[in-house]
Amino acid sequence: MYRRYFAAAACLIAFCSCTDRTPESPLQKKVDAYAVYQIGSPYMDGLTDNGKEVLNLFRMAADEIDHIYWQQSFGDKSVFESLPEGPERSYAMINYGPWDRLDNNAVFIEGYGERPAGARFYPEDMTREEFDAFDDPLKLNPYTLIRRGEDGKLKTVWYHEEYAESIDRIARYLESAATMTIKESVRNYLLKRADALRTDDYYESDLAWMDMKDSKMDLVIGPIEDYEDGINGVKTAYECFILLKDLKKTDELTKYIAMLPDLQKELPCPEEYKTFVPGTESDMFVYDAIYYSGDANAGSKTIAINLPNDTRVQAEKGTRRLQLRNVIKAKFDKIVYPIGTILIEPEQQRYLSSDAFFWNVTFHEVAHGLGVKETVNGLGPVDVALGNESSVWEEAKADILGLYMVCNLIDKGEIPLISKESAITTYIASLVRSVRFGAAGAHGRANMMCYNFLKDNGAFERNKDGLYHINYDKVPEVVAAWAELIITTQATGNYMFAKEYDTNHAVVPEALSADIANVNRGGVPVDIRFEFVW
């Protein structure tokens, strides 16, 4: 799909030889806008030598995952590795290609055109009509690529066939780790995950992962999220997280698992949209992250995870919500709090809270496991009915329902030590953090829709100095109204409405552009990039 990168290599080198490499260059400023965070964990000290060796095998698997993801998102990584040290090379490595993920995929290296909507999942010259006419039941499978055969016609190719060499190495790393672990649940998961990678059938390994509750370490690995696929929103990208559990904080979250059915019943929507029953075996675990690779490491860094995505597993076992506490804290300290102190009026800045940020993030992930999974009018699963809008609306749902649930649980005394004002204030500051990413990706468009709905319906306004004044009394009703609209759109599978609403409301208003400019002038990082200390 990115065949052009071969032809552009010479152009790249010529461009780099004459580019200003001083720290003041615009591209160097973009690199510097990612605050360096040394990612590690004190829990490493408590691991046995055997445990550390298992982690080393995990890391080797993660690096191979990174290799596959480069192929999915761009192509040959060596094109950029061959560049001299400088901002072009650094920024390409942050973005996994020549397109700025936090600036609507703008090209930042000469010799490249617009980023193809379908990444490398589809032929670049494929038309919508051609795909629709392509008669193959596997064409919408999340683990197949669309390629052209020798006759020029479309065909499907399984991931495990296209990336066979890398997949074999990853599977062997996991199998070696399985022989070393003393935890039977971990061994079972690793062996089943190795099989899954070789067959692209992840159901059994997802169940095994949900049963792996007694391990101090965790490994999220495989083709998981579909945000890279801007054509159909179904093709998944490879990623990996290596995690160490925070046992104390995890114990604190245990009580919320039993609340999931009641939380589903309390959603602000008609009763006919509440029929999904979340599994009560769901987990809420807190971790320190120690390594990211692939999709997880591209551009903006993930702070929480909610998996598996397979609705069969969700119905049977629930989901696992993984809060990456060290990364959450880093983003609050380096980004959310500084944004709040620049944009929110002084009297309300006292409500900015890292604990509130943690709870908002936690229940964002809880919300992914609630709501509607199947349309109520026979259009099938929500993600199929909404197509390439499904990820945008799912992220918007999780975002606003997360705040809705946090506020309700604070009212009930179930979340201690923070106020609704803290949850709301921190949420709005975090929205601005998110919309700085632009509206190119699902998360950015979802957050932009959330921001505009809250603003347009009076949840916050500007005071005489142009700073945000939050109307705390009005926020709950606005949040509930937005949540109901999202759930209704999902439940009815109304793609045309979803697309039109996204087009009209996932836009940055002029006043917000000025706010973002103020934040940028204040030197607030746009995100973080990792320096791995292990």
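## Reading local features in a predicted model

Biologist: At 3% relative accessibility, does Tyr91 count as buried or exposed?

Modeller: Tyr91 counts as buried, because its relative accessibility is 3%. Buried denotes under 20% relative accessible area, exposed over 50%, and partly exposed the range in between (1.4 Å probe, protein chains only). The model is predicted, and local features need pLDDT of at least 70, side-chain atom pairs count only at pLDDT 80 or more, and totals for chains, interfaces and linings use all residues. Residues are numbered from 1 along each chain as its sequence is written, and side-chain values use heavy atoms, with hydrogens and water left out.

Biologist: How many aromatic pairs does a search of the whole structure find?

Modeller: A pair of rings is described by the distance of the centres and the angle of the planes. Rings of Phe, Tyr and Trp (its six-membered ring) pair if their centres lie within 6.5 Å; planes under 30 degrees apart are stacked, over 60 edge-to-face, and the rest tilted. The search of the whole structure returns 39 aromatic pairs. In one of them, Tyr91 and Phe108 are edge-to-face, at 4.8 Å centre to centre with 65° between the planes. This pair links distant parts of the chain, 17 residues apart: Tyr91 belongs to helix H5 (residues 87–95), and Phe108 to the loop between strand E3 (106–107) and helix H6 (128–133). Helices (H or I, at least four residues) and strands (E, at least two) are DSSP runs, numbered from the N terminus. Phe108 is buried, since its relative accessible area is 11%.

A further edge-to-face pair joins Phe358 and Trp359, at 5.6 Å centre to centre and 80° between the planes. Both Phe358 and Trp359 are buried.

Biologist: What lies over the face of Phe358?

Modeller: A charge sits over a ring if NZ of Lys or CZ of Arg is within 6 Å of the ring centre and within 35 degrees of the ring normal. Over the face of Phe358 lies Arg325, 4.7 Å from the ring centre. Likewise, Arg320 lies over the face of Trp209, at 4.5 Å from the ring centre.

Biologist: Arg320 is in E10. Which residues cover the two faces of E10?

Modeller: Arg320, Leu322 and Leu324 are on one side, Arg321 and Gln323 on the other, and all are buried. Since 5 of the 5 residues of strand E10 (residues 320–324) are buried, the strand is largely enclosed by the rest of the structure.

Biologist: In which sense do strands E8 and E10 pair, parallel or antiparallel?

Modeller: Two strands pair if DSSP finds at least two bridges between them. E8 (residues 283–294) pairs with E10 in the parallel sense over 5 bridges, and Tyr287 has Leu324 as its bridge partner in E10. Strand E9 (residues 304–307) pairs with E10 in the antiparallel sense over 4 bridges; there, Arg321 is the bridge partner of Asn306.

Biologist: Where in H14 is the kink centred?

Modeller: The kink, of about 45°, is centred on Phe332. The bend at a residue is the angle between axes fitted to the seven residues ending there and the seven starting there. Helix H14 (residues 325–343) has 19 residues and spans 25 Å from its first C-alpha to its last, close to the 27 Å expected. The expected span is 1.5 Å times one less than the number of residues. Buried residues of H14 include Phe332, Ile335, Val336 and Ile339.

Biologist: Which peptide bond is cis, with omega near 0°?

Modeller: Most residues other than glycine have a negative phi, and most peptide bonds are trans. The bond from Leu307 to Pro308 is cis, with omega near 0°. Pro308 lies in the loop between E9 and helix H13 (311–317).

Biologist: What is the phi of Tyr96?

Modeller: It is near 55°, a positive value in a residue other than glycine. Tyr96 is in the loop between H5 and strand E2 (99–100) and counts as buried, at 4% relative accessibility. Leu417 also has a positive phi, of about 75°, although it is not a glycine. Leu417 is in the loop between helix H18 (390–411) and helix H19 (420–435), and it counts as exposed because its relative accessibility is 83%.
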